[in-house]
Structure formats: structure tokens, C-alpha cells
Protein chains: 2
Amino acid sequence: MPKSLLILQPEGKRLKATVGKAILEIAQEAGVDIQSVCAGKGICGKCRVIVRTGSEFLSQASKVERTVFSDDEVKKGYRLACRAIIVKSGTITVEVPSESRAGLQRLLVSGVETSVEFEPSVRKYLVEVGRPTLMEPRSDVDRLLDSLSVQGERRIERICLDALRRIPHAVRSGERKVTVTVWENKEVISVEAGDKQTKLYGFAVDVGTTKLAGYLVDLDLGTTVAAASSMNPQIPYGEDVISRISFVMKDPKGLSQLQALIIKEINKLIFEACKRAHVTPGQVHEVTVVGNTAMHHIFFGIYPGYVALAPYPTVLRSSIDVKAKDLGIDINPCGNVHGLPVIAGFVGADAVADILATQMHASDDVAMMIDIGTNTEIVVGDRNKLTACSCASGPAFEGAHIKNGMRAATGAIERVYIDPDTFKIGYETVDNAKPSGVCGSGVVDAVAEMLKRRVIDSSGKIKTKLGLPNISVKNGIPELVLAGPSETASGHEIVVTQEDIRQIQLAKAAIFSGISVLMRQLEITTRDISKIFFAGAFGTYVDPQSARVIGMYPDVPLSRVQFVGNAAGSGARMALMSLKMRRKAGEISEKVHYIELGADANFQNEFLNATFLPHKNLELFPSVKRLLED
Amino acid sequence: MPKSLLILQPEGKRLKATVGKAILEIAQEAGVDIQSVCAGKGICGKCRVIVRTGSEFLSQASKVERTVFSDDEVKKGYRLACRAIIVKSGTITVEVPSESRAGLQRLLVSGVETSVEFEPSVRKYLVEVGRPTLMEPRSDVDRLLDSLSVQGERRIERICLDALRRIPHAVRSGERKVTVTVWENKEVISVEAGDKQTKLYGFAVDVGTTKLAGYLVDLDLGTTVAAASSMNPQIPYGEDVISRISFVMKDPKGLSQLQALIIKEINKLIFEACKRAHVTPGQVHEVTVVGNTAMHHIFFGIYPGYVALAPYPTVLRSSIDVKAKDLGIDINPCGNVHGLPVIAGFVGADAVADILATQMHASDDVAMMIDIGTNTEIVVGDRNKLTACSCASGPAFEGAHIKNGMRAATGAIERVYIDPDTFKIGYETVDNAKPSGVCGSGVVDAVAEMLKRRVIDSSGKIKTKLGLPNISVKNGIPELVLAGPSETASGHEIVVTQEDIRQIQLAKAAIFSGISVLMRQLEITTRDISKIFFAGAFGTYVDPQSARVIGMYPDVPLSRVQFVGNAAGSGARMALMSLKMRRKAGEISEKVHYIELGADANFQNEFLNATFLPHKNLELFPSVKRLLED
């Protein structure tokens, strides 16, 4: 009798494949969190999985699946987990893509992993230092460098002062064996007594306007050994980049104040990650840093004021290397802090890292990267040409300027579904808690569902005269009630108002019009786009189908959409692990052609057309057109 | 009628040459301080000058001059200023060598000046930085480096963080003209608004165990614009190098304590020199530092403990470059502090600088350099080979361990003369003040005079039975009374005791035996020595003839002896003004063969022979032999 096995990728989780059960059911029983807003009814289409092997042991694709997926996707093995029933014993391998993950699982998405040639900037050498004699009283440093030169590729002459100061004691203990850490094959940055070769770590950090994410990497083995994250402590000085810059411009001490805050917080992250991995911070020998240009400048103590003023020039575009002690970063004081290069005032080192992580710059086919935030960075192109812009998409996707909006925190409604027959609302909340508000992805879902169910028209106007159960009008403003007072944590109902819809329309129009300008520059159409990468937190939460329905991005098959999570963090780690990637980052920063949308003649027009749902020109969105005509 | 003019070099002072007057008389009337212990009697032989032109307008060389000077010296124009009488109107040019200078003038001797190819490590460039545009919003740094690369020899990529932070404001003021300071053609270390090209200074400092000397150098013009000196503030922690090292070894905080003291003091010197020259310390962009190995290590915060333990290895031999802010040196924080290389544990960067200043390393003929101190460094050799050693000569030459000994401060008897007929004592004091003690050069003079007048024999024993007026015996110890109670500041007599003579014998024996070991190593004799340089403070005060009489150095004609004053300071300035000299210093540090006297089989024997006055083997000192037989 053949083995009956369901393997869930990428974890490689091995489960019993009971005949008669749906994949969703088995996965949920085993604690693997797959999204399912309609609770397995085969309606919401959120529980997408890809069957890699053993499709012959599953039921045929249902009618609903043939609607949800394109022919291409069906061919590739896309199924809804709730509709794929095991009909025969056998081994089935199924991939659960990140966009189908629910709850906490999603918060852990740490970004795409592109394999890199492991070539860190720091290397350790174990050397034996000879004794001086009366006839040949060579200096400690000369004797150490002599021994090192036997091992290294070339003779190192530079020694960081703090490392130098450790030499006399180090060479006289540990039976004259010392471990020497060399940076970029040109400077000794640490000298330790005894064999400490395996104690070699680096830290990659993504400084977001809202959130910091850090990764402790074992630079001896090339593995990530711990992660830590926290909120950006600068938030009280302004929620977004512009208000932070304003603070620095107004207050002469603002820059050093904000810099001190971020340094302190990163030191905390390093300490936490090290503690978790039983590593001492002194064993961390390099830090790579990414972040948008303002965060980047502030971190290095560089005045960001002019970044906010037309023509928005950066102070520093290229990469920067600074000794940890000069910044007050608590690692080996001689350790290097490497800031990845930026592209423009509003396309920062995080975008460079995104590109690095997705390898767009090396792609033969045209790809697009969208990192959604208050400012949304968009990069489009291929190995020959990359263009980038920044759109003022505003904070709506982060739940701000939305009546019951909130961040994607516990209790936020993040998935919304409207029953096509009963028009009843289904929703999911973060951590499955009682709803206390609605986050960006929830609002996007709500708007998409309203459009699909014709509750709103392409101008976004709520149809109040249909007499639908969840539509009401308050103070003359129509709204969709997502949750009634009895269901919510506060006892107040949670709604999406006409004004909220308007905010979403403006935000997505900002993004789509930016995309349009870049595509026009490159003279490409939707057909030419082989891949769309969604990066960043919102890009991890948002439902790609809903986003496509409202016209946030060009109408490509969902199989071409990839969620890359914190790709900026991944890029930072890649730069930490590979000098080659660091050089690539430099090339990317120089190569990417930045387009200032404000200077583009078509931008205003593109923007107005894009405020429609999905777009004034419905022909640009054939899949949405089909859906609406259905 | 021809002009009657006396020109005194090196000042170029022009005086009226009155017929009938001696050069000494005219010079003293004009305030030019020429030594004259015997008050112009033609006996002491201290008022040596060299007649460069116009000897035909002077009296013939007297009998006493023909005794004092060798034939070679007479040929070169050597005269005693008191015996050279103007006999005819005409222009006479006379050089007053530094060893004939008296009083304050000598304190200002700033060391030999060797002309160097002016090639400082720092250069300033005035660049105009373009404006960014919407279509081309290049970064501030890129635009600045673009403009700079047009002027510089190659594109600079490195910018010191503090300089980088000044860029956004600097490029937006001063009509977009900025002055960029570049270090070693590879790093931008300063960016200033407007044209600041001529504000380019450096500071050279010699960190002596006892004294600090600093020189502010205009690195735009290549001139020394101010000097400042002070006592080493570490003196309370030990008078000599060994006791300072002991302090550091005993006290875990000792190193940082002594380092902080020296840094603070150097900052004071920089501040003072800058104030005097109307320069702000921020306009100082580099500091060069020399000092013995212990002072050098302590200055850089490098543990010097092992330097004091056999085999006395240094921690660092080669040169070192550290950012000023990393040491707390108050100049441009991005400015470089360059420590010249050392040779061995007891032959430091000061010796390297001495060699640099005297250019011994480039000499075709064998030269010898003697830098007298508690440890006396000796270097002997030529362009092919240089050997060096350090002798524990002790503090006697600095007035310590001498009954009425004192430093060469105001009131110190520094010149002693015994009248050959009356045996009366003549002396000179520093600043012509009432005598309050006797300094090293005074004791050396006294011993030499006693030997010459046969008051002592070659074993150093005072002959008490001659009934000489100034010889007395106190508590069984014979002594020479230099000044009676009525003449002195304290009202107590000032004496040189039998024990003081013994101290001088030991000290000079340490030096001469070191010289002997080096000469044996090089297989040379006294004849081969073309030049002997006396460096350092004592080397400036001591009378070379007296030193030769007591056998401190090989018996060469006085014309071969040159006083180079603070040659270490000169070498530090040369390294400041010329990258080529810096490279030379590196070569010197590697090339000089250090001899550890303690490991030399002949040393003990050489030492014992050298305790005699002038030496056990009188044949080694033919001129002294002649003098004693006279």
C-alpha cells in the first residue's frame, strides 16, 4: 500500500494525507495557517496553493477554481486548498505561497532569499606569533603581521587603533595564538587571544520610518541566527518622513536627537539578537544598514533638510563605511558600518536592497517592484534599464486618514469578503481577536468586494438606493458596516465610509499613475511585465487580487505577483554576506534612472484617470472587466 | 671710502665695523649674545666664530687661537670673536655657530633645518559646486567630487564623516564655492564654505620625557609660524621613562591617565601656537608626533609595559595614522595624527626624526648622532648601514644625582672656567641670574677644567693635597667650590663633589662604551667619523670641548661636531612638510640595525675602560693627550 503523505512547502512539513479530506482541512488541523475568509466555502479564493507533485491523488479542479485562476495558473498547479480533496493515497507536495499565509506567520516573512556567493567583508585568521629575542626584538605588530601574511592573500598594513591596543596582551596569552579579524582584506579590526575563528558575526538592519528589523548573521557559516524588530523610536517626532525632516529643519539639535534615538534602538536590537543567539556584541564585526534616504541620512548624522526641498537632492548617494565607534554602534568598535547607497531623495537604500533581493537588475525580463508606504517606491525595468519613482501615496494603506483605520495590529480587520448572494460581510482579524478597527488591507478588500458586488461604481460612489443590509447613511455620508457594535472590541461599529473609499482611490491612483509614467518611459505595456514584486509590510498583508481589482497595479496574472516581504532586510543581509552584492548595490544606485513625477507632463492626467476603479480605461484591466461583466 | 660693515649670520644682522674693536665687542654692544666665560681674555675659547668673507680686514690669528683651533679649522676661518680685531674698513661676514650662543638664544635653537621637497600630505582645492536640477538631482557629494576631480590628480572617493556632514550647508553658501581639504590624495577631510585655500596648517610635536616642543607650520607656504613648549605633565608620575612605564604597569588606569595628560598638554600647545599666529585650531589639518618609544606608545594609548622587559620589544614599530578625534586632539576632527616610526624599545621616533633631520641615512660619509638624556640614543653609520643603541646614561647630565645639581633653568651654572694661573673659578649662569645650582653642562665643564688643570687625575680623584683655593673636604668628601655663599641666590655655596665627578664618569662611560660597541660593529675608527651631531637639550648646552676632554665622544676635531638642537622636532616638521620624508622615515626605521648593549660581549669591558678620564687608553684621545701634556 502506497504511503499517504502531504508535504507542505516551503517548511517541508509532512502530514498524513487522509483520503476524503481537503488540503485546507489537513493543514489547519496541523496548525499551518492558511487564509480562509469564507471558511472553506470555495468563494473567497484566498486559500491558494500550488500543487507541485501528486496532483493525480487530488480531486479535479472545481468550477469556482477555474474562475479564480487563469488557464496559465491552472497549468502551473494552482488550487484552492478548500476545494482540493485527497481522493487517493499517495505523496502530494503542495506549496503554500506567502500571500496565502494568515496571522502571525505573515509577520515572520523575512523576505525573499536569493542565494549569494558567500564572500563577507570580514575574515578571521588564526595565527601563531613568534617570540621576540634580544638579537631580533621585532615589534609585536611586525611579528603578528608576518604570521598573518603567510595566511592572507597580501600583507595587511593597516590596524585599527583599538585592535592595535589589544595586541601586546593578546600575543602573550593563549599560547601565542591569536585570532585576527581582517576587514576587506586591508585592515586588522580585531585581535583576540586564542582560537576565536568561529565567533564571526554581522548584523543587517532595515531602518524603516515605522519599524526596524535586524538580522544577526553568522559570517563564518553564512546563516541568519537571530532576528529582532521594534518600532522606530523617532515616531513621536513625526509619523512620516516629511514630518521627521521638518523637525530636523526646525530644531538645531533635531538631527543629533533623532540620530541618537535610532542608534540607541539599533543597539538594543543588536543586544537582543545577540542574547538570543548566545553571541556577545563584541563578536559582531560589521553592520549593514538600509533605509529610505531620510532615515539613512539621519542614521549617519547627515542633514536631510534639502532632501525635502525641490529638486530633492540627497547629500550622499554612494555607499558609506564608518567605524562603529564613530557612530556609537555597540559592536567591535573597529567594526565597519556599511550604509548601502541610495538612488534619490525619495528612493533610498531600501529600494536598492529591494532590487538586490529580487535581482531585478540582472533579469532578462521586465520586472516591477512596488514597496508600498506613505511614500511608495516603484522600480521597473530589466538588466538593461531600470527606472524608479516615488509616489506620495499617503498613509491610507497604513490605516491613517481612514475613519476606523488602524495599523495591522491585533484586532485589525485585515480581510473582508462580501457574500455575493446575501451581501453579508465576512472578515478576518489580526490574531483572530475581536475587531477593533480596519487596517489598509481590510479597506482595500472592502473596496474591491464592493466593486465586485456592484455596491460601488467605477467612480467609487456607494449605491445607497439598492437597500443592501450593510449600507447605511450617516450625516449624509454613505458607509459600509463591516462589523456591528455587538461584534467589536469597543462596542462601536466598524465602517468603511465614502470618504475612506475616496482616500483609497487617491492612494492607489498615486501608485498606478507612477507606474504608468515609468512604463511610458520604458515604452512597455502590461504584457511586457513578467513579474511584479510586492515589498514591505503592506505588500505582505494586502490581497493581490483585491489590489488588482481596485487597479493598484497593472492587470497581470496573479502568478506573476510575488510577495517578497521585507526584501530590504534581505538585501541588507545579502550585502552583509557578499562583497559582490555590495558592488552590485553600487552599480544599481548609479544605474537606476530616477524619474521625478512632479516634472513629468503626463503625470496629472495619468493620476486623474487612475482615480477610477480600476481605471478610467477599463481596457487596461481585462481581468477586472471580465469579473465585473460576470 | 669703503663701507665698514659687520654682518652676523645666520640672522643677517648688519652692524657697523669700527676699526680697533673686536668682533665680540661689537656683537655684545648690539645685543648679540656670544658666549664669553673669560670675559674676552682669549682664554676660555668659547667665543668661536667662523669668518666667511672679509678676513683681510681682521687681525691675524693670535697664538691662543692657533692652540684652540686645528689647522683645518683655522683654514675654514675659525676665530675667537674676542681675538679677531677689525683692522681695516670693509665688509666682514661672520657666522656665529649655535654652540657659541649664550643664554636665551640657545633655548630657541629649534634644530637643524634641512631643506625638504615641499609635499605636505594635505592639500586644499577651491571648487565650484553645481546646482541640482529636477531632471538631474545629483547628490551633493557627487557634485562636489565631480568638481574636485577636475582639479585633483585622481577621483577621491573617501570622505571623512565629519567633513561629509558639513557638505550640505557648505555647498549652499559662499556662492557655491567650497574649499576642500584632501589628505594623502585619497580622503576629503574638510569642506568649508568659500575660499579658504590659504588657511592650511599643520603641527609637529616632539614629546620628550621632560619637555614638549611644538611647531605650527603653514602648509600652504611651508614656513614655521609659531612654536610653543612646556614641561611634560607626566613628570609627577615618574621623572624618567622607566618610572612612567612602571606606573602604567602597576595601575590598570595608568595608561589612559598618562595618555589623557599628554593629549591635554599637546592641545594646550596647539591652542597657544595657534593663538600666537592668529590661526584657529580647526585650520590645523595634520599633526606629526615624535618621541621616545614609551612616550610614543603612551601618546597613542598603546601599552608600553613590555618595552621595559627584556628583550624590550615595541608593540608598534612602523608609522601610524589616527584621526585626530579618535585621540582627542583638538584640530580638524578628521585631521590625521601621524606617529613617526620607532626603531626599538629604547630608540624611538625621536631618533628616527634626528636621523631624518641630520640626513645621516643619505650620507656618503660615516656620521654619528648622540641624543643625550637619561637614556642616550646613539646612531652611527652612513647611507649603507646605520646602527643604533641606547645607553643608560642616567640623569646626571640633567642635574639629577648631583649634589647641587639642577635643570638648565634660570640661575643654573652652565659654564665653568678655571684660571690656569690663579685657579680662580669663572662661571656663567642661565639668564645671568645669581647662581642657585649647577646644571649638567656646568658639571661637565667643571670636570673637564679640573682635568685640564690637573686638579683631578684620570681616575677622577680630586687632588686635595695641592692646597688649591677652591678645593675643600667636607665629611671626608673632597669638593670643588664653584660659588661661595655670598655669590649664590640661597646663600649656600655651590660645589661639585667627588661623588658628582663619579656620576659624570659613569654617565659618560655609558655613552662612550655604547659608541665603542657600535663602532666595533661597523669596523670603523675615530678617523672614519666625518661628523658628530649632538641633539637634544643637553646636546645644545654642553660645551663640546669639555665633553671631548672628559671622553664623552670620540676625539674628532671640533669642526666635525655639530649641534643640531631639537633635531627630533625638526624631523617631525620635515615629516609634516614632506610625504617623501615620511617615506624616508619608514625606510630608516626598517634599515637601522639596533644593537642591544646588554647582549654585547665587549660592553662591560668597554664600559670600565671608559670610566677613566678621558679613557683608559689615552691614545684614543690624542687631542686631550696633547692638552694634558701641554
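1. First, some housekeeping. This is a predicted model, with local features needing pLDDT of at least 70 and side-chain atom pairs counting only at pLDDT 80 or more, while totals for chains, interfaces and linings use all residues. Residues are numbered from 1 along each chain as its sequence is written, chains are lettered from A in the order in which they are written, and side-chain values use heavy atoms, leaving out hydrogens and water.

2. Now the interface. On chain A, 39 residues are in contact (heavy atoms within 4.5 Å) with 39 residues of chain B. About 3300 Å² is buried between the two chains, 66% of it on carbon and sulfur atoms; this is the accessible area (1.4 Å probe) lost on putting the two parts together, summed over both.

3. The rule finds four salt bridges across the interface of chain A and chain B, each a side-chain nitrogen of Lys or Arg within 4 Å of a carboxyl oxygen of Asp or Glu. D142(B) and R317(A) meet in a salt bridge, at 2.7 Å from N to O.

4. Over to the helices. In chain A, helix 11 (residues 349-358) packs with helix 16 (residues 567-577) at about 80°, their axes 7 Å apart. Helices here are DSSP runs (H or I, at least four residues), numbered from the N terminus, and axes are lines fitted to C-alpha atoms over the stretch in contact, with angles from 0 to 180 degrees between N-to-C directions. So helix 11 of chain A is roughly perpendicular (65 to 115 degrees) to helix 16 of chain A.

Terms used:
Helix = DSSP H or I, 4+ residues; strand = E, 2+ residues; numbered from the N terminus. Parallel < 35°, antiparallel > 145°, perpendicular 65-115°, else oblique.
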